[in-house]
Amino acid sequence: MPTTRNSLFEHCARLAAALAWLFVPLLSSGQPSSEIDPVTDAEIAEVRRAFQTIGLRKADVTRGFSDGRVVLVGEYENRDEVETAFAATRAIIGLQRVAPTTPGNIKYRLKGFNTAFASTVGKMMKRLEPGAKQAASPSEPTAQPAAPTPRPSSNAQSQRGPRTFGLIVGVGEFKYLPKENGLEYSEKDAKDFYNVMVSPSGGSVPRESIQLMTQGKATSAAVKAAMRSIIDQSHSGDTVVLFVASHGLPNAMGKFDIVLNDTEFPKQKVGGKSDSFEFVVTNRKTALSDDDLQGFIAQLTLSDVRTVLVLDTCYSGKTFIAVPGFLPSRTRSLSRQTKEANYSASLSQEGIQDLAQKAKDLKAARIVIVSASENEESMESPKLGGGAFTQAYISALNKAHDFADAFDQTKPSVIRTARTMGHSQTPRMLVVPEEANTKM
C-alpha cells in the first residue's frame, strides 16, 4: 500500500498506519483470495488464548471458507463483544484473513430477547403521528441542536409544500488519531458539495435547510443530533440529502462505520509481560455506525421522505445492506438499551423479511451513491483538489441536476482515474424503487 502522495492516494492508507496494531499484517483489499495464506491451527489457538485473556470465554473462531479464512462463532453478550473479538482476531492474523460474521454464526446471551425484538421492530415500523417527535435512543448522545425547528402540524405540512433538507459532513481532522493520519480534502469536498446544493445553478436549497459540519464541529453528538432534527422537520414529499466524506472502517458484521472527529479508538491488551500486544476496538457509539445510518434511512422512508445518501469513504459499498427495501440476507440489525445491559442484536431471517417487505411497500425513494465498492478504498486527488469521486461527481451534478444522471457520468471517469494508478475504485448506486425521481 503506497505511503507517499503521488497524483492519487488512498483515504485509508494513513488510517491503517495509525491503527497498525489493528490492521497488521495489512493486505491489499484487492488481493486475490488464492494469495491469502490459509490460517493455521497455531494461529487459531493463539486467537482462542487471546479471547480467554480479554474475558470472551465463549467466543471462538472456525475455518468457514474454502479460501482459508476464519469466521467468528460462539456466544457473545452484545455487539460490542463481537467487534472486540473481530478486532483481536484480525490483529493476530491479518485483516484479509478474517471473514465477516453473520447472525447465523453467533449467539447472543440475552434474556427476553423475543420481547425486546418485537418492541424494537414495532417502534421502528410505527409511523410518527402528526406533531410527534421521534425520541432519541438512550444509547446515543443526548445533545440537541441549538434551535430545532418544530415538526409542522398536518395543516402546515399541506400548505408549505415539499422541501429539501441536507446534512453535509466532511472530516479530515480526528481527535484521537495522529495528525499525519488526517485527510487533506474531506473538508473541501463537503464545502464544495454544500455550495452545489445551495447555488442557484445547482440545487437552490435554502441555506437554513442545510447543515454543514466539518472538522471539529462534526462530532458524534452533533452529527447524530442533526440527523434527529432532520427526522423531526421532514415529512411526506420532502427530500433529505446526507453527504459524508471521511474515513470508513469495516466491522465484524460485514458492514462499515464512518469515523467522525471525536471517534474513539480505545486500546486493549492481550498476553503477559513477555508476549503481550495491543489492539484497538472502535468505540462505535462515537462513530457514525451502520445502525445509525440504518435507523436514519428507515425513519425517513417510513415517513415517505425521499432519501439521498452520497458517501465518499473507504468500503462505502457496504452501505447498501442498510437500505430498507434492499435487504439481502444477514443484513438487518436493531439496537435497544435497558438499565441492565446495552446491546445490539441481529434480527432473525423472519424479521428481515418482514421489515424488508414493509419498506418495499412504501413508495418513498431511496438513492444511495457511494464512492467505492465494499472492499475498495476511496482515493483523494491533488490534481482534482479533492476526493477523486466527489470532485468528479460535483462537476457532473452541476451540469445534469440529476443525482442518477450525474452518477452515470462520474462512474467511468473514476474507474479510469483509479486504473491509471494501479488501483480499483468502482462507484456504485442504488435507486429504490427503480422509477424513483432522481432529479435535484
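Student: What makes R63 partly exposed?
Tutor: Buried means under 20% relative accessible area, exposed over 50%, and partly exposed in between (1.4 Å probe, protein chains only). R63 has a relative accessible area of 41%, so R63 is partly exposed. This is a predicted model, in which local features need pLDDT of at least 70, side-chain atom pairs count only at pLDDT 80 or more, and totals for chains, interfaces and linings use all residues. Residues are numbered from 1 along each chain as its sequence is written, and side-chain values use heavy atoms, with hydrogens and water left out.

Student: How do you know that R63 and D41 meet in a salt bridge?
Tutor: A salt bridge requires a side-chain nitrogen of Lys or Arg within 4 Å of a carboxyl oxygen of Asp or Glu. For R63 and D41 the N to O distance is 2.7 Å. R63 lies in strand 2 and D41 in helix 3, so the pair ties together parts that are 22 residues apart in sequence.

Student: Why is D41 called exposed?
Tutor: D41 has 56% relative accessibility, so D41 counts as exposed.

Student: What are the classes of D290 and R284, buried or exposed?
Tutor: D290, at 3% relative accessibility, counts as buried, and R284 is buried at 8%. Their side chains meet in a salt bridge at 3.0 Å, N to O. Both belong to a network of salt bridges that also links R79, E83, D257 and D291.

Conventions: Helix = DSSP H or I, 4+ residues; strand = E, 2+ residues; numbered from the N terminus.
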